[in-house]
Amino acid sequence: MEGLTNLMEETVLHKISQLWPQTNFCQCDQCRLDVAAYALNRLPARYVRSLTGSMLHKFDAQSTQMDVEITAVVYKAIEIIGEEPHKNQNPS
C-alpha cells in the first residue's frame, strides 16, 4: 500500500550495521537479509504514514527499553544466522 512505511525495518537495519562488525560471522547480503527477516518477525511493526509518525517512532526507538529489546533480538538473529550461514540457500 502506497504511503505506508514500517520504520522498524529501518531501525533493525541500522542496529544490524552497529552490531555485526563486532562479530566474525559472514556478512554477505543474503545473511544480512536473513538476520533482518529473523529480527523483524520477532519485533512489532511500526507503520507510519507521516513525518510526525516517523519522529515519534524515532523518539520511542531511542528509549532505553525499546533499544534493549531491539538490540537483544538483532543480536540473537546475528548469532543464529551466523552459526549456520546460507542454511536456506538452494544448491546449484
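**How helix H2 packs against its neighbours**

Met8, Glu9, Val12, Leu13, Ile16 and Ser17 of helix H1 meet Arg32, Val35, Ala36, Ala39 and Leu40 of helix H2. Contact here means heavy atoms within 4.5 Å. Helices are DSSP runs (H or I, at least four residues), numbered from the N terminus. The model is predicted: local features need pLDDT of at least 70, side-chain atom pairs count only at pLDDT 80 or more, and totals for chains, interfaces and linings use all residues. Residues are numbered from 1 along each chain as its sequence is written, and side-chain values use heavy atoms, without hydrogens and water.

Now take the angles. H1 (residues 7-19) packs on H2 at about 130 degrees, with the axes 10 Å apart. Axes are lines fitted to C-alpha atoms, for helices over the stretch in contact, and angles run from 0 to 180 degrees between N-to-C directions. H1 is therefore oblique to H2. Oblique covers what is left after roughly parallel (under 35 degrees), roughly antiparallel (over 145) and roughly perpendicular (65 to 115).

Next comes H4. The axes of H2 (residues 29-40) and H4 (residues 64-83) come within 9 Å and cross at roughly 135 degrees. So H2 is oblique to H4. From H2, the contact uses Cys31, Asp34, Val35, Tyr38 and Ala39. H4 brings Val73, Val74, Lys76, Ala77, Ile78, Ile80 and Ile81.

Finally, look at Tyr38. The charged end of Arg42 sits over the Tyr38 ring, 3.5 Å from its centre. To count, NZ of Lys or CZ of Arg must be within 6 Å of the ring centre and within 35 degrees of the ring normal.

Methods. Helices (H or I, at least four residues) and strands (E, at least two) are DSSP runs, numbered from the N terminus.
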